[in-house]
Amino acid sequence: MAQQTLTQQPTGFGLRVEPGRVLLYLFVIVLAVLFGFPLFWTLMSSLKTPQEMMTFPPPWLPAAPQWVNYARLVQIPRIPVTIWAWNSTIVVVLTTVGVLITASMVAYSFARFEYRGRNLLFLITLSTLMLPEQVTIIPQFVLFYNFGWINTLLPLWVPAWFGGGGFAIFLMRQFMMTLPRDLDEAALIDGAGFFRIFWSILLPLCKPALATLGIITIIDAWGDFLRPLIFLNSPEKFTVSVGLRFFNTAPDVSSEPMAHLIMAACVLSMLPVIIIFFLGQRFFVRGIVMSGIKG
Amino acid sequence: MAIAQNQIKARPPTTNAGWLGRLVGAKTKFQIRRALWGYLFALPWILGLIVFWAGPTLASLYFSFTNFEVIGTARWIGLENYVRAFSGDDLFWSSLGRTFTFSIINVPAVVGGALMLAMVLNQKLKGTNIFRTIFFVPHLLPAVAIAVLWTYLMQPRLGPINMMLRDVGVSSPPNWLASASSALYAVTLITIWAGMGGNTMLIFLAGLQGVPQELYEAADMDGASALSKFWNVTIPLLTPTIFLVLVLAIIAALKVFTTAWVATQGGPSYATWFFALHIYTQAFQYFRLGYGSALAWVLAVIILFFTYIQVSSARRWVHYEGG
């Protein structure tokens with residue numbers, strides 16, 4: 001009751017004295033500051049001059065925001081930031097399209113067809129989720145090495161076109177199981193083929209699940225580090241994640257200080273996922289509800 | 001499946017089923033057609049499983065018994081890699097121990113912290129959406145960016161954390177990532193910041209919203225304190241969620257890699273040399289693929305062991321509603 005009256009009051013914030021609530025607000029605000037501060041500091045640092053980065057004690061805010069840092073960032077010799085961004089974009093787009101198409105195909109097979117070995121196949125699909133990446137990545141390296149794919153983007157997105165992985169299949173299958181079968185059975189009686197049913201009836205109904213899976217895939221693919229670290233070895237092939245680490249650790253990039261530009265690179269590498277988050281916020285919670293596993 | 005097979009046995013196959021029908025587990029012409037389409041739709045994943053999962057899993061098991069090193073052929077050396085790991089590798093036990101230390105701090109902090117955040121967000125405060133966003137976003141950010149920006153935050157002299165510590169009177173604040181005595185805890189702190197408000201929090205929030213309000217109202221009528229409501233209503237009803245989240249958190253913690261590799265490269269003087277770093281350097285810096293595979297299997301067995309322990313002990317302490 002007290003909660004409701006509090007939230008209905010336009011100026012309820014602290015005016016209606018209720019010590020527990022006030023403490024709760026203080027607590028959550030302190031937490032929010034703790035969580036937000038690292039990102040605030042990074043953004044501010046990316047707008048500082050090199051001198052301000054070296055000043056002791058460090059200033060909280062840049063005297064004048066140096067937006068030019070972001071323009072400088074794309075011109076540093078041997079740090080091809082735009083190429084990294086492009087490489088990451090290729091990987092993210094091809095991975096996401098591959099996962100969405102093939103995971104929903106496989107999910108359709110699990111959800112709507114009956115054939116020998118289906119349940120065993122589904123069990124194996126779930127068990128892949130428990131196997132750590134470290135086990136399969138060494139033979140995958142050998143495989144891609146023999147294909148001549150090392151130091152290309154292929155190892156990063158081609159596997160996504162082969163079912164998209166256990167989690168993607170599981171999420172899509174769980175969603176398809178909730179769709180009434182009457183629709184596809186009616187279409188079948190009307191003479192539609194299985195592919196038509198999949199493409200024109202089920203997939204449009206799966207839009208919420210596809211959106212959730214798409215967002216999760218984009219964020220995972222954009223942030224992936226271990227696989228590009230292993231499969232790429234020259235800077236002009238790097239994705240944003242490995243590139244950022246290269247930039248941060250390369251000792252001889254330039255004689256001039258780079259800290260403010262590294263911060264700018266950090267901000268740029270985070271920007272796409274933050275934008276995606278704000279565009280598709282509601283799908284994260286939905287992903288949790290749908291899979292019961294992760295979002 | 002089992003039922004379908006029994007039916008096939010019970011009745012003689014119709015003429016149009018034939019060997020193909022028995023092969024795919026179908027009776028009528030339509031069922032055969034449907035089964036074949038089923039395989040067709042599953043085909044990408046069947047191939048993917050073979051090429052990217054089953055094949056590599058078996059290959060890696062085989063490599064772990066060889067001295068494979070990319071160039072040249074693999075020679076079978078039996079258990080030598082495992083013997084070397086357990087008794088002849090200075091970094092094996094220490095990196096394993098460090099990974100456990102990390103997990104013992106990280107898992108309770110992430111899971112407990114996520115529960116705390118979820119409970120705060122469930123209080124219907126004003127601006128809950130903004131708070132939820134602030135807590136959740138770190139989890140989405142690329143792990144490399146997180147590690148890089150925290151190395152600047154934790155920079156001993158010019159970093160803002162030590163600046164603030166000095167401002168409040170700490171004369172010699174810790175060197176964080178730069179000193180062997182604190183680096184492990186500094187890395188742990190970064191992963192807690194990145195993990196606490198993530199999916200774990202959202203899963204708890206969904207769980208909390210599923211707790212029936214009548215239970216709290218009944219507890220209120222009995223005059224239960226907030227703490228008692230937490231222990232006797234919230235926690236029992238959340239145990240399935242806590243269980244799920246714990247399994248995921250432990251698996252994630254045991255695989256810790258990116259934060260440490262980017263922030264400290266495992267240093268200083270191996271202070272953050274976790275097990276996954278050991279696998280990575282052995283396999284991909286020294287290209288000891290055989291030995292690296294053996295190490296990867298040790299990690300896999302540990303992870304499977306913890307998953308098994310949790311799943312099998314769950315029955316004793318997990319409360320499923322209505323069950």
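Modeller: Helices (H or I, at least four residues) and strands (E, at least two) are DSSP runs, numbered from the N terminus. This is a predicted model, in which local features need pLDDT of at least 70 and side-chain atom pairs count only at pLDDT 80 or more, while totals for chains, interfaces and linings use all residues. Residues are numbered from 1 along each chain as its sequence is written, chains are lettered from A and ligands numbered from 1 in the order in which they are written, and side-chain values use heavy atoms, with hydrogens and water left out.

Biologist: Which helix holds B:F52?

Modeller: B:F52 is part of helix α3 (residues 29–63) of chain B.

Biologist: Is B:F52 buried or exposed?

Modeller: Buried means under 20% relative accessible area, exposed over 50%, and partly exposed in between (1.4 Å probe, protein chains only). B:F52 has a relative accessible area of 7%, so B:F52 is buried.

Biologist: What is B:F52 in contact with?

Modeller: Contact means heavy atoms within 4.5 Å. Leaving aside neighbours within four places in sequence, B:F52 is in contact with A:T136, A:Q140, A:L143, A:F144, A:P159 and A:F162.

Biologist: How many residues does each chain bring to the contact?

Modeller: Chain A brings 101 residues and chain B 97 residues. Buried area is the accessible area (1.4 Å probe) that two parts lose on being put together, summed over both. Between chain A and chain B it is about 8700 Å², and carbon and sulfur atoms give 78% of that. On the chain A side, A:F35, A:R116 and A:I138 lose the most area to chain B, together 10% of what that side buries.

Biologist: How many salt bridges does the rule find across the interface of chain A and chain B?

Modeller: A salt bridge is a side-chain nitrogen of Lys or Arg within 4 Å of a carboxyl oxygen of Asp or Glu. The rule finds 1 salt bridge across this interface. It joins A:E114 to B:R34, with the closest N and O atoms 3.6 Å apart. Helix α3 (residues 19–45) of chain A gives the largest share of the side of chain A that touches chain B, 16 residues.

Biologist: Which residues have the most contacts inside the largest nonpolar core?

Modeller: In soluble globular proteins, nonpolar side chains tend to be buried together. A nonpolar core is a set of buried Ala, Val, Leu, Ile, Met, Phe, Trp, Tyr and Cys residues joined through side-chain atoms within 4.5 Å. The largest one here has 149 residues, and those with the most contacts inside it are A:F247, B:F135, B:W150, B:M201, B:F204 and B:F257. Helix α5 (residues 90–121) of chain B gives the largest share of this core, 13 residues.

Biologist: How many residues of helix α10 of chain B are buried?

Modeller: In helix α10 (residues 199–209) of chain B, 9 of the 11 residues are buried, so the helix is largely enclosed by the rest of the structure. Among them are B:M201 and B:F204.
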